[in-house]
Amino acid sequence: MTLAARCLDAPPPGWRELLAVDPAAAYAQRPALWASLTAALPSLSLRCLVVEEEGSLLGGMPVFVERRGGFHWLHVLPYLLPGAPLARPGRHAEVDAAAGAGLAELQRELRAVGGEWALYRSAGPPVAPAALALPTGETRMLEAAVVDLEAGIEAAWARLDRKTRHDLRQARARLAVAEEAEAVDEVYALHLAQARAWPAHAAPPLALCRRLLEDPGDGFGPVARLFTVRRGRDLLCGALVLDQPRESMPWWSGADPEARRERAFGVLLWSVVEWAARAGRVRVSLGGSAGSAPVAAFKDSLGARVQPYPVRWLDAAAAGEPGRWVAALQRRARAGRRLGEKT
């Protein structure tokens, strides 16, 4: 039987159970994150593509519709957060195909001019190319560096190279690591100062970050946690870490110029990995390297493995002529931005 996705305006009953049974469930599938995004970004509205069989929820994914000037974009999810559908064990292929068809239908219905579908899935089967190709667009490949915690923190520590272990021991003797949500403004200021050198970088709004640090009362704790590294009272660096019972990810960070000399950023990331292990997480995604060999080498030194994943960049095939003009202007503005490797 061919399954079909239908649209809802809110998470369906049974979504919490789905989060518990899908081993690939990540921070981006938490409804508390979705609520924070729509609250902080008024141009976004939520659609939930749900896949059911005889009234039973099999899987689904959120889609954020962005409306600007009468035109629509579809984001699964914003900021290239992972948007691979959740599914019950053994049903991923069917759910992926139905979700891809549902996204294609939304493209046609809204005459969307663009958007993206980031298909990072850390466990379980990858999304099949046939499902990925249902919404029109171009597929590119990105990478995430993932620290595996299935075997525990001791095994993860053993995967670090010898020099990194030595540097961490020395740096930790003089630096203090803490979880301090109240420092978000300080860390955000460091992030913005660094971001001036990054072309086309769009920092998430500070209001969104503050909201993510609040406990939404869903039983999973805050959607995000803020970790800092200080030398005395001086803030050297910090990171906002998205979290879910299986996986955590440092989403964005800020660092003082002194952080490099003090090796503070390595201390920060490894401390996040240790916290995640204590909290029962099975992996930490350190994100991509944006094509930077030094950044990739740094993450490799922390014992992370590289996991490629596809991103479907949606096109304006279903849009009218004005929408296609808008899409063409957006492509020109993206020139030079890293969208991933061509497949």
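**Note on the predicted model**

1. Buried residues (under 20% relative accessible area with a 1.4 Å probe, protein chains only; exposed is over 50%, partly exposed in between) make up 52% of the 343 residues in the chain. This is a predicted model, in which local features need pLDDT of at least 70, side-chain atom pairs count only at pLDDT 80 or more, and totals for chains, interfaces and linings use all residues. Residues are numbered from 1 along each chain as its sequence is written, and side-chain values use heavy atoms, with hydrogens and water left out.

2. The radius of gyration, taken over C-alpha atoms, is 20 Å. That agrees with a compact globule of 343 residues, which would have a value near 20 Å by the rule of 2.2 Å times the number of residues to the power 0.38. Along the principal axes, the C-alpha atoms fill a box of roughly 60 × 40 × 40 Å.

3. Twelve helices and 14 strands are present in the chain; these are DSSP runs numbered from the N terminus (helices H or I, at least four residues; strands E, at least two). Of the contacts (heavy atoms within 4.5 Å) with a separation of 6 or more, 73% are between residues 24 or more positions apart.

4. The loop between β4 (71–76) and β5 (86–87) holds L77, and the peptide bond from V76 to L77 is cis, with omega near 5 degrees. Y79 is in the loop between β4 and β5 and has a positive phi of about 60 degrees although it is not a glycine. Y79 counts as partly exposed because its relative accessibility is 31%.

5. E54, also not a glycine, has a positive phi of about 50 degrees. E54 lies between β2 (44–53) and β3 (56–68), in the loop, and counts as exposed at 82% relative accessibility.
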